[in-house]
Amino acid sequence: MFRIAICDDNGAVCSAIENIIDDFFKTETMHYEIDGFQSGEELLKELDDHEK
């Protein structure tokens, strides 16, 4: 499974990138999960929490 992180302070950009990724995986048989983050700090906190 692919875990994909999108990090951008613009929510519209995150949504657009997520749509592009969704479109790509419609033709693939791989499982994936997308997480969006509004800041680098938010992403780092999630990574830190996930390691515990």
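Which residues does Phe-25 touch, not counting residues up to four places away in sequence? I looked this up before anything else. Phe-25 touches Phe-2, Ile-4, Met-30 and Tyr-32, where a contact means heavy atoms within 4.5 Å.

**Ground rules.** I am working from a predicted model, in which local features need pLDDT of at least 70 and side-chain atom pairs count only at pLDDT 80 or more, while totals for chains, interfaces and linings use all residues. Residues are numbered from 1 along each chain as its sequence is written, and side-chain values use heavy atoms, with hydrogens and water left out.

**Chain.** I noted two helices and two strands, in the pattern β-α-β-α along the sequence. Helices (H or I, at least four residues) and strands (E, at least two) are DSSP runs, numbered from the N terminus. The C-alpha atoms fill a box of roughly 30 × 25 × 5 Å, taken along the principal axes. I then looked up burial, where buried means under 20% relative accessible area, exposed over 50%, and partly exposed in between (1.4 Å probe, protein chains only). Of the 52 residues of the chain, 13% count as buried. For contacts with a separation of 6 or more, residues 24 or more positions apart account for 64%.

**Helix α1.** I took residues 11-25 next. Helix α1 has 15 residues and reaches 21 Å from its first C-alpha to its last, close to the 21 Å expected at 1.5 Å a residue. The expected span is 1.5 Å times one less than the number of residues. Its buried residues are Cys-14, Ile-21 and Phe-25. They lie on the same side of α1, because they cover an arc of only 35° around the axis. That arc is the one of the directions from the helix axis to the C-beta atoms. Exposed Ala-12 and Ile-20 sit on the face of α1 turned away from its buried side. Among what covers the buried residues of α1 I found β1 (2-7) and β2 (32-37).

**Start of α1.** Asn-10 caps the N-terminal end of α1, with a side-chain oxygen 2.9 Å from the backbone nitrogen of Ala-12. The side chain of Asp-8 reaches the backbone nitrogen of Asn-10 at 2.8 Å. For polar contacts I used pairs of N or O atoms within 3.5 Å; within protein, one must be able to donate a hydrogen and the other to accept it, and residues adjacent in sequence count only if both atoms are side-chain atoms. Asp-8 is in the loop between β1 and α1 and is partly exposed, with a relative accessible area of 23%. Its contacts, not counting residues up to four places away in sequence, are Val-13, Cys-14, Phe-37 and Gln-38. Asp-9 is found in the loop between β1 and α1 and counts as exposed at 67% relative accessibility.

**Core.** Which residues make up the largest nonpolar core? I listed six residues: Ile-4, Ile-6, Cys-14, Ile-21, Phe-25 and Ile-34. Such a core is a set of buried Ala, Val, Leu, Ile, Met, Phe, Trp, Tyr and Cys residues joined through side-chain atoms within 4.5 Å. The elements giving two or more residues to this core are β1 and α1, and α1 gives the most, with three residues.

**Aromatic rings.** Rings of Phe, Tyr and Trp (its six-membered ring) pair if their centres lie within 6.5 Å; planes under 30 degrees apart count as stacked, over 60 as edge-to-face and the rest as tilted. By this rule I have three aromatic pairs. Phe-24 and Phe-25 are edge-to-face, at 5.1 Å centre to centre and 85° between the planes. Phe-25 and Tyr-32 are stacked, at 4.3 Å centre to centre and 20° between the planes. Phe-25 is buried, with a relative accessible area of 9%, whereas Phe-24 is partly exposed at 46%. Tyr-32 counts as partly exposed at 28%. Phe-2, Phe-24, Phe-25 and Tyr-32 form one aromatic cluster.

**Phe-37.** Is Phe-37 buried or exposed? Phe-37, in strand β2, counts as buried because its relative accessibility is 6%. Not counting residues up to four places away in sequence, Phe-37 touches Ala-5, Ile-6, Cys-7, Asp-8, Cys-14, Glu-42, Leu-43 and Glu-46.
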